[in-house]
Amino acid sequence: MLQKREKVLLLRTFQGRTLRIVREHYLRPCVPCHSPLCPQPAACSHDGKLLSSDVTHYVIPDWKVVQDYLEILEFPELKGIIFMQTACQAVQHQRGRRQYNKLRNLLKDARHDCILFANEFQQCCYLPRERGESMEKWQTRSIYNAAVWYYHHCQDRMPIVMVTEDEEAIQQYGSETEGVFVITFKNYLDNFWPDLKAAHELCDSILQSRRERENESQESHGKEYPEHLPLEVLEAGIKSGRYIQGILNVNKHRAQIEAFVRLQGASSKDSDLVSDILIHGMKARNRSIHGDVVVVELLPKNEWKGRTVALCENDCDDKASGESPSEPMPTGRVVGILQKNWRDYVVTFPSKEEVQSQGKNAQKILVTPWDYRIPKIRISTQQAETLQDFRVVVRIDSWESTSVYPNGHFVRVLGRIGDLEGEIATILVENSISVIPFSEAQMCEMPVNTPESPWKVSPEEEQKRKDLRKSHLVFSIDPKGCEDVDDTLSVRTLNNGNLELGVHIADVTHFVAPNSYIDIEARTRATTYYLADRRYDMLPSVLSADLCSLLGGVDRYAVSIMWELDKASYEIKKVWYGRTIIRSAYKLFYEAAQELLDGNLSVVDDIPEFKDLDEKSRQAKLEELVWAIGKLTDIARHVRAKRDGCGALELEGVEVCVQLDDKKNIHDLIPKQPLEVHETVAECMILANHWVAKKIWESFPHQALLRQHPPPHQEFFSELRECAKAKGFFIDTRSNKTLADSLDNANDPHDPIVNRLLRSMATQAMSNALYFSTGSCAEEEFHHYGLALDKYTHFTSPIRRYSDIVVHRLLMAAISKDKKMEIKGNLFSNKDLEELCRHINNRNQLCFLQAAQHSQKQSTELFQCMYFKDKDPATEERCISDGVIYSIRTNGVLLFIPRFGIKGAAYLKNKDGLVISCGPDSCSEWKPGSLQRFQNKITSTTTDGESVTFHLFDHVTVRISIQASRCHSDTIRLEIISNKPYKIPNTELIHQSSPLLKSELVKEVTKSVEEAQLAQEVKVNIIQEEYQEYRQTKGRSLYTLLEEIRDLALLDVSNNYGI
Amino acid sequence: MAGLELLSDQGYRVDGRRAGELRKIQARMGVFAQADGSAYIEQGNTKALAVVYGPHEIRGSRARALPDRALVNCQYSSATFSTGERKRRPHGDRKSCEMGLQLRQTFEAAILTQLHPRSQIDIYVQADGGTYAACVNAATLAVLDAGIPMRDFVCACSAGFVDGTALADLSHVEEAAGGPQLALALLPASGQIALLEMDARLHEDHLERVLEAAAQAARDVHTLLDRVVRQHVREASILLGD
């Protein structure tokens, strides 16, 4: 302590406006230099990352370069970067928190070879600012001085390149010290990285956009938007309640006009506003972009507007607004932006004709973002013509108040428009998912398992773990062809007659050490992404598909939970947690397990484990297995009943599976069949998750990662209640129990789809389930509404979710704590855990990134579109289907098509103002007339007196077609062709409802896909199954609620679609 | 103060110190001849001056006299030019009164008041941009200088809490950022706490760590003050021509 105080006290003065503040500044002889060449590593006391030793030079960017070219410095190819503290502070002060955080994350990221040198705290590097010296000059001087010191500190062994944009500095310092070179950034890239094309392009693009901006600021335009208020005013205004803070959400269907501000935390509590605030028009939105944190001022009540209820297409501009809007709601205008959440946007260049019409300045081009909610972006490039047919990534630089559109620059090309790879890449970028293959350093940490050196259970581990290989019958039930089996089950009778239920989860944490490279990578990815035809793994395949996958017949490490249950009442008597070694005896798939459960033993031939056995032992083993599955189902029913008693919800989801034919074209969309065994497995997993949650919360009350599902807002249920009333049902939404009960009662015996629709509406009203750290939340908020459990977490899928890995580590620490052993490694503190939860939630969920779920939805839509694209709607019989009306708007209805699980809008009034009418043969035509909307019906009356009425829950026949779009993704379009339910031709009926035929179809498709696989190396069938498993429904919040129940709780109420 | 990063990822505070490090302390005893005891202390940019009169007879109202011990009377005032905006009144405002009261509590705990019944000890402290800690430390030295018997030194230090790390000896910038702040006056030899005060809310789980940081810093202060006292005694004895 005492020695460290031997510092010179220096007073540094800043000349403020009126005020002179004196701040202390302490210097120290030793600041960690993070260089492997350091002569006194002991004194420098390095902790954290070091620069790598295999670089040819170190590069020190000056403050200006760090500010302007940070994107280029982020390239992993650039190595040995030393950020000086002076430069970092300049970024912090001049570029704001967002850019600074980007820099911080870069420094924290172990994969990037860059460090921060705290030059201002180093005795010899620190230079006081001289009188009259400009800030910029002083910063450059400090950085240069530090660079020279660093060079000498490394004993002149490593040349240092300082890059700067300041010509004077190059002149002044360029030849001052041997070994320290001062050059411009452009020069640096040209000389040292001539091959790094991407960096050069990015550099050009940044330079150009900066030049543009400079030019522009000289020209003085009339102002298009009011200026934003300064930050102090905003903060004071929020505190006093004059302004309201929230996140801007642009309405996708009326991006030009409507946007809503969702209130954030504190501010919503104080004010009595319950709903969102409407921002009407681009002027009021005042340059904020979807996802920004904005500050809003409410308009006086007489200027409040209602949201438009009419259906509206994206391309038609203000047409719909003439119709009567709904009740006025709080309306406001944006007065300032607190945080800009700009990301990379995918855009499309205008086609040739449009370019010419844009006229005089061909260098500035307005490009259309793929996301409807983002305004057009103006970029300057000379490559416009060559980039015409490509999807391109751009970044927004600025949005001046003088300009109608924001300015941006071109970053990179993704792929051709309409090309599958390009479109998938688009979806990935739009959801901020990066999918770089695993690096060599990461793979080096992985255990080896090749035919030459197979992986074995190590003797030390064998001693530490409980061996269940001989004593337990362990088996897994998964979708067919599943590669990453992370959960297995076991059940047996104990000597005292009680039952023992075991859930065994792959021990991923044994292979993934905390803070190893692979751990960091997995944390960034947070989850495995399943797209319609591919997946991006969280862990390398050697783990996910091999060593951590609990395959049949091989020894694997596991983390087990075993309950002792009473033989009759199934009450839980005891529970045991710990690490084990297991050998899964059977790898069953759902269909086979269900057949066994139903007593149909003919499926045995499908189970490979039984093939090589003789008749007798086969019979014995089979009986054992059937008993186990039966018992398991029994227990699961019991547990489920108990949970139902507390009000667990069973909600509706529409599952569709994409079938590909041999040419990888989409063959059919088939709804998924639910089985009881799905529910059994899910129930066991919920039980395991619940008990683990209890355990880790007891051991670590302030730093356990749990999952909560807050109860929904009552007002979101109003639509559900209205709809149910139309059918004569009453839905009681006061608690999850009453909701579950009344949903069960709301069943129309003639039309099972009514119940499904009601359930899906209930789902849409739900809040999102979230991960959280127990330290940040009161205990009563831990409750899981959907599952009706007081504590819940995710434990059972460590291969595909990072949260489960964290929970595994917590559980292991809890076990060693119980044994009074030292806890190995550091657990996350509450704060770190909170940050991690936020990251995972973002990755998973419906914050504005919505990454995993949203990308799945989009990719499915892509596939749906591709499916219908090839079909000619006029002739193809499949394009005509039955639809159910589930919501009514002023100029159309929203339809649900059970056959394909599609939800969409159909217009009753077309663009020319004609309305629909149905003749005696019930075929529809367009005729002049008018529409009249009532509470739960809509009537279309033609001028010649005919009228047709559509009620809520009416069945109609629709034609599905595709609306192609150049800039955006294609959309599905529905058209009502008859007001009578669709009669399915007999052939199709048989085809659809016969399970035998269907399973054959599945086999056929799978087989053909397997062939394609050899050529493609993409294991489509597996992915397809995965996709079937993880593919979520179209309802937005449904996913989040149901993902815990994973594939299974998505129960279809009816299996007979279309009847 | 949204943008200010109080503790960087590398573990440095705004002024370059690490979390547990104190600001530079310089102190001197016996700065005024006419007072019984006096001391001057500089903790970073905070400067405090303390003078002690007494023990002497009760001045003013005799009714205040205590039969079994001495009355400790503390007054605090800050220089008008010491804070960001110039103050109108140097003392007598709420803040000064509160500070005076706190000082009094602290020193009643430390001074062996029962040795001087029916008498009064006056401690006047003046501080620039004063903090409680600097005042206590200055007053301790002044009381020692006056030769008033005490149980022990009273050493005070503040501590804060940022990003899960306890920071010892807060500077003005760190105080102004508005996080939790804890002031601790410690009798270092016995480890007894003379006064503990906390502003803002802090989760009880963290309290122990912050308290430990403050106590450690107070013990460090003690080593320094002890050195100052010994230095002073040595100088005094040389002057006396021992």
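Analyst: A residue is called buried when its relative accessible area is under 20%, exposed when over 50%, and partly exposed in between, using a 1.4 Å probe and protein chains only. Helices (H or I, at least four residues) and strands (E, at least two) are DSSP runs, numbered from the N terminus. This is a predicted model, in which local features need pLDDT of at least 70 and side-chain atom pairs count only at pLDDT 80 or more, whereas totals for chains, interfaces and linings use all residues. Residues are numbered from 1 along each chain as its sequence is written, chains are lettered from A and ligands numbered from 1 in the order in which they are written, and side-chain values use heavy atoms, with hydrogens and water left out.

Of its 15 residues, 14 are buried, so α2(B) is largely enclosed by the rest of the structure. As for confidence, chain B has a mean pLDDT of 85, with 92% of its residues at 70 or more; pLDDT is the predictor's confidence in each residue, from 0 to 100. The model scores ipTM 0.81 and pTM 0.59.

Salt bridges come next. Over all chains there are 46 of them, each being a side-chain nitrogen of Lys or Arg within 4 Å of a carboxyl oxygen of Asp or Glu. One pairs A:Arg395 with A:Glu71 at 2.6 Å, N to O. Because A:Arg395 lies in strand β18 (residues 390-398) of chain A and A:Glu71 in helix α2 (residues 63-73) of chain A, the pair ties together parts that are 324 residues apart in sequence. Both A:Arg395 and A:Glu71 are buried. A:Asp371 and A:Arg373 also meet in a salt bridge, at 3.0 Å from N to O, and these two residues are buried as well.

Within helix α15 (residues 517-525) of chain A, A:Arg525 and A:Glu521 stand four residues apart, about one turn of the helix. Their side chains form a salt bridge of 2.8 Å, N to O. A:Arg525 is buried, with a relative accessible area of 9%, and A:Glu521 is buried at 7%. In chain B, salt bridges that share partners join B:Arg13, B:Asp15, B:Arg17, B:Arg23, B:Asp169 and B:Glu174 into one network.

Chain A also contains a closed barrel of five strands, β8-β9-β10-β14-β11, with mixed pairing; two strands pair if DSSP finds at least two bridges between them. Its neighbouring strands are turned by 50° against each other on average, direction ignored. Strands β10 (residues 277-280) and β14 (residues 331-339) of chain A run parallel and are joined by two bridges, with A:Ile279 opposite A:Gly332 in β14(A). Helix α8 (residues 231-240) of chain A lies across β8 (243-250), β11 (293-298) and β14 of chain A, at about 125° to β14(A). Contact here means heavy atoms within 4.5 Å, and angles run from 0 to 180 degrees between N-to-C directions, with axes fitted to C-alpha atoms, for helices over the stretch in contact.
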